[in-house]
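Please examine the sequence and the structure before reading on.

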Amino acid sequence: MTTLKADVALELGERGREWLPEAQRIVVKVGSSSLTTIRGGISEQSLAALVDTLAERANAGTEIVLVSSGAIAAGLAPLGLAKRPRDLATQQAAASVGQGLLMARYTQAFGAHGVTVSQVLLTADDLVRRTQYKNAHRALEKLLNLGVVPVVNENDTVATHEIRFGDNDRLAALVAHLVHADALVLLSDVDSVYTGPPSEGGERIPHIGGSQDLDGVRIGTAGVAGVGTGGMATKIEAATIAASSGIPALVTSTAAAARALAGEDVGTWFSVSGRRKPVRLLWLAHLAATRGTLTVDDGAVRAVAQRHRSLLPAGITAVNGDFEAGDPVEIADQAGHVVARGIVNFSADELPAMLGRSTMDLGRELGPEYERVVVHTDDLVLL
């Protein structure tokens, strides 16, 4: 089954949640708190209820990608850990133990409906580096074409602090773009976005059409179970990332998943507010941990910010930070205001000798490999 073309998806994305039953390809993200018990083990009942809903939709012909948290949480009890560890090494150990347990449950539960699942573990590099991106896209497309439900998670066992997505809400937003999904559904233990805590009179927000609709909203953090890394703030961020680049999103509770996919009036619907963008630019704009700053003159600011040109060494006046070629950096004006982020083509050690010089001069003196832009316009996002 093929997905909708990007321009058609943009048009349909402007419709409300009642359109969801017509979506051909949906990315669904479920949080740790919806799948695990307070002690950290997998809740068989919760997982089975979610799978029943998704399998029914998959058997009806919809292509489903499930982005599932829960690996670290599932690994707590077997390792005798009372709560989610803070240090990276223990998180990696828990993920290594828990991921197998989680996939075994999904395989069994989906299998009861005649649905095959696969495991797909991703790191940020897989969605940013061109070769890995193509491989990830090709693999997921083939799985979906074969009628498989890919179960995606961050590869916590090998991910480092510097290259992590940080939580699966953001990962789900990028995966939705990777597979050209028609919609993103973010599930947790909270049924909607509220203007404030419901216990204090906060009211449900049924629809968000842009950032202005979030003015004055008090956003909560991670749930009381303490097994997840996100919270409503990361769900809103993920939904906004998707909606601002062509994919409508719905934030609701796991308990309301069936009603949500049926297009009923549940949760908070984020309607499309922009056109689709390359995944690496979404990562660069919203998630990348920059490794340094390039300070540029006024002419370079105009070239980059107004004329959408690449950054040349002639316009750079200072270099700060410790970075290698391929790392994300900030581009700032003389007053220190960051105007853009980009993927740099040279290391922090190479650049100082290049400042203020033309690429032609650099090529003659240092060799043809220096006859390149510092940040290409295709690898640059304005802020």
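## Annotated positions and their surroundings

Ser 69 counts as buried, because its relative accessibility is 10% and the cut-off for buried is under 20%. The structure is a predicted model. Ser 69 belongs to the loop between β2 (63-68) and α3 (71-74). An unreviewed UniProt entry gives the feature "binding site" at Ser 69, Asp 156 and Asn 168.

Asn 168 lies in helix α7, which covers residues 168-178. With a relative accessible area of 7%, Asn 168 is buried. Leaving aside residues up to four places away in sequence, Ser 69 touches Asn 168, and its other contacts include Lys 29, Val 30, Gly 31 and Leu 102. Lys 29 is also among the contacts of Asn 168, as are Val 67, Ser 68, Asn 153 and Glu 154.

At the surface, Leu 79, Val 97 and Leu 101 form a nonpolar patch with about 190 Å² of accessible area together. Leu 101 is situated in helix α4 (residues 88-111). The table sets three residues side by side.

| Residue | Relative accessible area | Class |
|---|---|---|
| Ser 69 | 10% | buried |
| Asn 168 | 7% | buried |
| Leu 101 | 30% | partly exposed |

The average pLDDT of the protein is 86, and 89% of the residues score at least 70. Over residues 1-13 the pLDDT stays under 50, and the model has 30 contacts beyond four places in sequence for them. Residues 222-229 also have a pLDDT below 50, with 15 contacts beyond near neighbours in sequence. Where pLDDT is low, predicted coordinates should not be read in detail.

Terms used: Residues numbered from 1 in each chain as written. Predicted model: local features only at pLDDT ≥ 70, side-chain atom pairs only at ≥ 80, totals over all residues. Heavy atoms only, no water. pLDDT = per-residue confidence, 0-100. Contact = heavy atoms within 4.5 Å. Patch = residues over 30% accessible without salt bridge, like charges linked within 9 Å, V, L, I, M, F, W, Y side chains within 5 Å. Areas by Shrake-Rupley, 256 points an atom, 1.4 Å probe, with all protein chains shown as cover. Salt bridge = Lys/Arg side-chain N within 4 Å of Asp/Glu carboxyl O. Helix = DSSP H or I, 4+ residues; strand = E, 2+ residues; numbered from the N terminus. Buried < 20%, exposed > 50% of the residue type's maximum accessible area, 1.4 Å probe, protein only. UniProt positions renumbered as here; feature names shortened; annotations may be inferred.
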